[in-house]
There are 2 protein chains.
Amino acid sequence: MARPDGSRLEVAATRLVPLFGGTQLALRLSIRSIDYRGPLLLESCIEASEAAVRADDPRIGAGVGAALIVGERRIDGGAAVMTQAAALSGIRVAVAQVHRAGAALSPREPILANPKVVGQRYAAELAPGGAIVIEKFVAWSAGTDPAPLDRQAVAAADAAASRGFDALERDQSEAWSAFWRDADLGIEGDAPLDQALQFSLFHLRQSTPADGRHGLAAKGLTGQGYEGHAFWDTEVFALPVLQMTAPALVRASLDWRLRTIEPARAHARELNHPLGALYPWRTIAGAEGSGYFPSGSAQYHINAAVAFALRLHHLGGPGEPVSAGDATMLFETARIWMQIGRHDSAQDGAFCIYSVTGPDEYSALVNNDCYTNRMAQMHLRYAADVAERLASAAPQTYRAVAQAIDLLEGEPVAWRRAADAMYLPVDARRGVQPQDDGFLDRPLWNFATEPGDERPLLLRFHPLTLYRHQVCKQPSVVLADVLVGEGIAAPQKRRDFDYYEPLTVHDSSLSASTWSILAAELGLVGSALDYFREGARLDLDDLHGNASHGAHMAAMAGTWLSLVWGFGGLRIADDGELRLRPVLPPAWTAYRFSLQWRGCLLRVNVSAAGVRYDLERGTALAFRHHGAAQSLSAGEAIVLALPAVSPDVMPRHTDAVIFDLDGVLTDTAELHFRAWSRLAAEIGVPFDRKTNERLKGVDRMTSLDIILERAGRPFDADERRALAARKNGYFGELLEELTPRALLPGALDALRDVRERGVRVALASASHNARTIIAKLGIADAFDYVADPGKSGRPKPAPDIFLAAAAALGADPARCIGVEDAVAGITAIKSAGMKAIGIGDFRLLSDADVVVPDTATLGIKRFL
Amino acid sequence: MARPDGSRLEVAATRLVPLFGGTQLALRLSIRSIDYRGPLLLESCIEASEAAVRADDPRIGAGVGAALIVGERRIDGGAAVMTQAAALSGIRVAVAQVHRAGAALSPREPILANPKVVGQRYAAELAPGGAIVIEKFVAWSAGTDPAPLDRQAVAAADAAASRGFDALERDQSEAWSAFWRDADLGIEGDAPLDQALQFSLFHLRQSTPADGRHGLAAKGLTGQGYEGHAFWDTEVFALPVLQMTAPALVRASLDWRLRTIEPARAHARELNHPLGALYPWRTIAGAEGSGYFPSGSAQYHINAAVAFALRLHHLGGPGEPVSAGDATMLFETARIWMQIGRHDSAQDGAFCIYSVTGPDEYSALVNNDCYTNRMAQMHLRYAADVAERLASAAPQTYRAVAQAIDLLEGEPVAWRRAADAMYLPVDARRGVQPQDDGFLDRPLWNFATEPGDERPLLLRFHPLTLYRHQVCKQPSVVLADVLVGEGIAAPQKRRDFDYYEPLTVHDSSLSASTWSILAAELGLVGSALDYFREGARLDLDDLHGNASHGAHMAAMAGTWLSLVWGFGGLRIADDGELRLRPVLPPAWTAYRFSLQWRGCLLRVNVSAAGVRYDLERGTALAFRHHGAAQSLSAGEAIVLALPAVSPDVMPRHTDAVIFDLDGVLTDTAELHFRAWSRLAAEIGVPFDRKTNERLKGVDRMTSLDIILERAGRPFDADERRALAARKNGYFGELLEELTPRALLPGALDALRDVRERGVRVALASASHNARTIIAKLGIADAFDYVADPGKSGRPKPAPDIFLAAAAALGADPARCIGVEDAVAGITAIKSAGMKAIGIGDFRLLSDADVVVPDTATLGIKRFL
């Protein structure tokens, strides 16, 4: 650095946050004078926290500056120390610093004047070529108990100082090397994804507390978003990764949950459950920190998340019986399900769970949330298993636990009975698992009025509006298919994928990896890769525009999961056996990952040459490769064939789009009006635009009947046929004027977009002139089929013409979209069991699934 | 009053709050000395509001003291004036006082020292027999606009002073006399109810603002509960009363709603509705004041309540077309339904309404709330009617309104279509209207664990717990049956009544009158009278223990409604015709009420002699008496026959109660255990209490099979029959010891309680010794039927024995209650389609509808 007078100093700083060994921060600062001569004053301070973030966005911390009160500040021997306390929770933190200063530096008066700062000063005289070095060691201690935190912090800082910076740096380097050696992973042929993988695992590893006293913050150590709170995604996303890369951290995280079981019990009591423990949706010290229970406490699935991680940890461990603490945690959480669910006689005794909120917070307070029921099933079954095994393998432990929590003998029996009878319906009409009891009954979200780039929806729409629609922040059902999908058949998962994907807005950073994993499982490699990129590059490319709040820890875990669970196809069988189904996306050359499991270290290398499995550590490991049992002994390796990846097919939700003509692709209404007007004038019947409105979407003969309502005399059938023909003649004359310029704005784009996606196109117009018109408009070859209104049964609002079009294309009506501008047309489409897009005023076309104001804003691609 | 020195003064004060003519308060104070001689100093002050109430009870105001900021205080000529402003809303209020003091009083220094007080002082010298008189006039002016409120208040106080106390007192007396003359009502033969009627109507009348600028506060002028906010019950409860007793106040209330349409539009926008207006659930100045939207903004039915009152007001008016303002309000509110509902193709195109909360706040965020759908139907239909009539009767007004709110021609058509297609299901199994789509699927509330006197539930239970159960704060469905029940058949209403009554906890003060009215309609005169008393005496007897928060205005209105809609049977036909069906409860001698309608005043006198109708004012009125058309001309009267009241039958929900024996009425388990133990020992089979647990609720042969599982060799059928007989012999020996003292605590009460309610009693025990046992216990004659386990089909958990008992009693299983202590028994009861009460541990008996810990706490009466 250059000083104002031009003289120069060379400043070098090295900082490290030790990965193991406590709570220190260490810093080495060297200053060398190049041509400066004079005094040097160093000020080294601890400053009280002043959170700067404050916003209406619930995903950002609300600012904790005012809530952290400075307690003591003092100089204690060689240490400066400050204590602060959180005003509401009573959690206190003490921070201490000590220095190792070179002989050239001498201490000066400490810094105490500012009530939010404590610090120390060092001074030296520098001459050109001269240098000073100072090492600073900081430690903190936090907690709610009345421990002497300040003395703990000073002692820890002192200990770090006596070890010295060099030694700490060496420790750090060794710790990281060991971690990366065991957790080695990478992708060849996709540098951005490879970078994201390493970046994600680094942050996940360094952000996870190892002391068993703290939870993993949603933003890790990277920002103040979510105010440092830990969430359920720790157990569902982060711990499964760490279980395979740093299992000791999983143990620490579970210990933290166990440590906070009392607040979880209090939480359960607050919700009127006389038994059990309910872990909070968001927390620091164990109490529920959400101010809005419908998407806080109502997320009972957090209990299942804890059980999920605990189960994985024990499956991956040495096979010992679970400890009394883990059993307590498992049983106490399992008990809650029995208090919010029951065997419902109206559902043939199936076990139903009421009034919960699933992971998709765009629905709330629902019955039989699919994810919750499936996770509760896993939880109850595992709890019953553990109770049974513990009772026989460690009866004393079991008795002690049972006595401590007053567990009746019949309770584990009831758990298994509930798990076996869990209510897990499939919707008969759509073939999908309903997200909850009422979900499929709700209207679809109108994406057309909601531009896709203004996300998240929660910042723009009232919860009531979100709750009222089929719209998902993240895919609850698909997450269940991924986490506890063993018994779910592939076609079921595929239907779930296809149904929920267009309803999902991915406003949660957890969404992408879930989709990626299921897409890979279903062989949708292109989709899987797209979602993988979206999740993996989330923070590096700031895809959600909120990386400034901090990095998304669970999404970072999702990056690992997308590789290992997704393309690696890893699943854990009920008995703990690893099952892998690796595939190689065509875009990549190779990829590799490492798994720690039951004391073994398994390397998996996937390349065009096949999949190489190396058992690098451990005596033996059995696993499956694409379903075939394999076994490796210590040091052994095996190369197995890689299945061919089927051609990269995007999921397709739509077989055909069936367009109406008038008002959708062109507007011949004016021509019809002119033709009818001419006829009406000739026969002396009053006819005006108001009557004309009633002809919208109605066939020719019915139109004539409407016009003749005001005729002075009845017309018999022959006369009416003649009149209709005459009008058609007039209309035909007018049609001669038509050119492609009469296409409505957006019509060509719409036809082109559908074809481009490989979806078929049909025309279902009530007009007998439809073929002439599309020829004049120059779009005759845009259609795979043009329905003949004369041969397609009853007119709209009957569904006949749309069903005829679908049949002609061999399309499933449930996978067809109809596009209409008239109420009768929308009714026809819906009666045909198709999805309806209305073009016009949403007040009139409210029965359509989606309404757009005009063809120009149709954007048909969004619905395919 | 006596002074400390023994001298005496006579003090007389008269206060009045003028019913008409502005915002004044007047007070006259006279002081006469009997034997006091000396100076007299009077201090007359305006003190700033210091709300004292502060509690966690949401029904109490949270305290507004700190929120009301004192602005100006000054002496302005002869007036003292103070302004205050509400910190958040910006609403300001100015209060002024002036005095008329007798000559003996002379003014002194004003009172200004205390920053929260302004006032005036007057002094006099008194001698024995001497007297002073002072009149004080207070006026206030409030608003959000920047009007000179202080000057308005001073002018109003001055005007009152110049009129003088005597004149104001005369005005007041005349105003009240006129009101009571027109609104005359009463009951002979029930003084407490008569008192409650007068008391309620007085408070309702005096609390309703007449200026069109304010809403009726939930607690009127009587207390700070609900912080002075107005609610939807104004329109549904208070305005129907005032429409018949003081119609001008209804106009004023509707004007206030119209005045606040802009905040209602803003509220709709906040909920993402681009069109229309959504009136707030609670408000002062028009903005939604609830902080918890699931039971605030989600109560969309408030819009229908406004339409309901508006419709009633126009039906009872002179028959003119509705004004542009009223039409605007009606159309803007109707539009909201089209944005939260749609014709659902899965329900055959029925119009469904999603994600709302009905009046029963113990459910929230539901689909197709019955009350909401029915009220929306009325609203949409009426809005379509008004649009049609206005378009033809006052086309200019209609065009102006349509243009101002951008109303499309098709909208009213769509309203009628939605109303006609409204989704109004009836549950096939129970025959009742479901409160909402999910309501009937939820578990029943466990009243047994919740003592009835600790109300309201909302203070003790988390909303999630309430939402999870079939429990009603107030009866939404029954309220719909009352308000818009014209097209609903009587048996349907009766089923609704019977189903929802035991689910309703009446935590709302609105509940009692609703039940009373429907009970009267259904001929349940005893119930009707019980509920009438409960609602009418609510505040006088402080039945909810919260009269200190203020009187319940809507419940007070409900008192009038219970009389007039209930026993008077008044309903308003769609064309505005009054339809009366008076009955006379046997407990009363006579009752009377007065109805103002279409410019007429109709007196109705009901006594044993018949019903006398007097048309006291108006030229002619057509109405119906018990369905028969009647017509009266000016001054005419008619006496019509009163139908006989059918015998006073309480609604009965239960045909029979079917008891298990062991563990419910007595505990012979110990005797069985001793008998089995003896047998097992004799044949050398291990048998312990753990195995014995499995015999609970299981028949003898199956019990033997369970015991023989651990036998060393198989036993053939003959051997097993012999063993069972042997055990039975041992058991018979032990039975000889049984006496009535072996009855479980509470067993006798339970049997007696059921019989007392006229409900039949059966025994369904798996024990072949049941008859012997009940004889020994001395309860053989407590049963109408004792099922024979040998002739009643398969053992429990099959439902056979319970079905056999029901069949023998001719009871409908759906109207039977089974009481059991074993899981198999509960399963049997539920499989039989009966309600199950479990006795024992709720963790094991969680499938029962209700679980109580033991027979002593059964309290069977609650469930009948």
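**Buried cysteines, including Cys600(B).** Cys600(B) has a relative accessibility of 4% and counts as buried (under 20% relative accessible area; exposed is over 50% and partly exposed in between, with a 1.4 Å probe and protein chains only). Cys816(A) is also buried, at 1%. Over all chains, a search of the whole structure finds zero disulfides, a disulfide being a pair of cysteine sulfur atoms within 2.5 Å. The model is predicted: local features need pLDDT of at least 70 and side-chain atom pairs count only at pLDDT 80 or more, whereas totals for chains, interfaces and linings use all residues. Residues are numbered from 1 along each chain as its sequence is written, chains are lettered from A and ligands numbered from 1 in the order in which they are written, and side-chain values use heavy atoms, leaving out hydrogens and water.

**The interface of chain A and chain B.** The two chains bury about 4,700 Å² between them, with 58% of it on carbon and sulfur atoms; this is the accessible area (1.4 Å probe) that two parts lose on being put together, summed over both. Chain A gives 55 residues to the contact and chain B gives 56 residues, where contact means heavy atoms within 4.5 Å. Four salt bridges are found across the interface, each defined as a side-chain nitrogen of Lys or Arg within 4 Å of a carboxyl oxygen of Asp or Glu. Arg417(A) forms a salt bridge with Asp847(B), and their closest N and O atoms are 3.2 Å apart. On the side of chain A that touches chain B, the elements giving two or more residues include helix H8 (324-340), strand E13 (341-344) and helix H11 (410-420). Helices (H or I, at least four residues) and strands (E, at least two) are DSSP runs, numbered from the N terminus.

Apart from residues up to four places away in sequence, Lys473(B) touches several residues, among them Asp360(B), Glu361(B), Tyr362(B), Leu458(B), His506(B) and Asp507(B).

**A salt bridge between Asp344(A) and Arg342(A).** The closest N and O atoms of this pair are 3.8 Å apart. Asp344(A) is buried, at 4% relative accessible area, and Arg342(A) is buried as well, at 11%.

**A salt bridge between Glu616(A) and Arg603(A).** The closest N and O atoms here are 2.7 Å apart. The pair links distant parts of the chain, with Glu616(A) in strand E19 (residues 610-617) and Arg603(A) in strand E18 (residues 600-607) of chain A, 13 residues apart. Glu616(A) is partly exposed, at 48% relative accessibility, whereas Arg603(A) is buried, at 10%.

Arg678(A) is partly exposed, with a relative accessible area of 40%, and Glu682(A) is partly exposed at 40% relative accessibility.

**A network of salt bridges in chain A.** Arg28(A), Arg100(A), Glu135(A), Asp166(A) and Glu169(A) are linked in this network. Over all chains, the count of salt bridges comes to 118.
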